[in-house]
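Dear colleague,

I am handing over the structure below, and my notes on it follow. Please read them with the coordinates open beside you.

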Amino acid sequence: MRKAEIRRETKETSIYCQMNLDGNGIHEINTGIGFFDHMLSLFSFHSHIDLKLIAKGDLDVCDHHTIEDCGIVLGNAFKQALQDKKGIARYGFFSMPMDETLCQVTLDISGRPYLVFHAQFERENIGNYSCEMTEEFFRAFAMACGMTLHINVMYGKNDHHKIEAIFKAFGRSC
């Protein structure tokens, strides 16, 4: 089975992750950032990847370190679980409608990390989640994993719907 277990300790964060690429979307996620936990749960559900992610970060400062470091850990876990990449479908694409929003995610598990991110957000925060951290999370994931990742929100008005469509489409693309 394609599994990974990773711990990351920095001055700002302490993160533990278990990932099973051949799972059923079972998840246990606690980062201290409610909306982010919700988005990672949706990623797990839509990708069918079993995911346990427990993160403690310097949320008294802000959410940046926790979200970015979770991206690094999840990208590393994904890369580790893929092992030699034999038998995978290297390319993924999904177009996700979410009410008034349409998002497309295209990826290539190429070993050449790159992120193209086209999404505009009007709100600064959703709960204690900074909307700008959506791009930072996916950049960290792509770089750590070695994935070329294109995220395009074609249109939409509600920032919650835009971000949710991104995480769901990413899960379906994997």
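**Helix α3 and its surroundings**

In this predicted model, the buried residues of α3 are Met133, Thr134, Phe137, Phe138, Ala140, Phe141, Ala142, Ala144 and Cys145. These buried residues pack against several elements, namely the helices α1 (34-47), α2 (64-82) and α4 (159-173) together with the strands β7 (114-118), β9 (129-130) and β10 (148-155). Just after α3, Gly146 adopts a positive phi of about 85°.

**The nonpolar core**

The largest nonpolar core has 55 residues, of which Phe78, Leu149 and Phe167 touch the most other members. The largest share of this core, eight residues, is supplied by α2. Leaving aside residues up to four places away in sequence, Phe78 touches Met19, Leu21, Ile49, Ile109, Phe141, Cys145, Met147 and Cys174.

**Cysteines**

With a disulfide taken as a pair of cysteine sulfur atoms within 2.5 Å, the count comes to zero. Cys174 is in no disulfide, since the nearest cysteine sulfur, that of Cys145, is 7.8 Å away. The sulfur of Cys103 is 13 Å from the closest cysteine sulfur, that of Cys174, and so is too far for a bond. Cys103 is buried, with a relative accessible area of 0%, whereas Cys174 is partly exposed, at 34%.

Best regards

Note on methods:
Residues are numbered from 1 along each chain as its sequence is written. This is a predicted model: local features need pLDDT of at least 70, side-chain atom pairs count only at pLDDT 80 or more; totals for chains, interfaces and linings use all residues. Side-chain values use heavy atoms; hydrogens and water are left out. Buried means under 20% relative accessible area, exposed over 50%, partly exposed in between (1.4 Å probe, protein chains only). Helices (H or I, at least four residues) and strands (E, at least two) are DSSP runs, numbered from the N terminus. Contact means heavy atoms within 4.5 Å. A nonpolar core is a set of buried Ala, Val, Leu, Ile, Met, Phe, Trp, Tyr and Cys residues joined through side-chain atoms within 4.5 Å.
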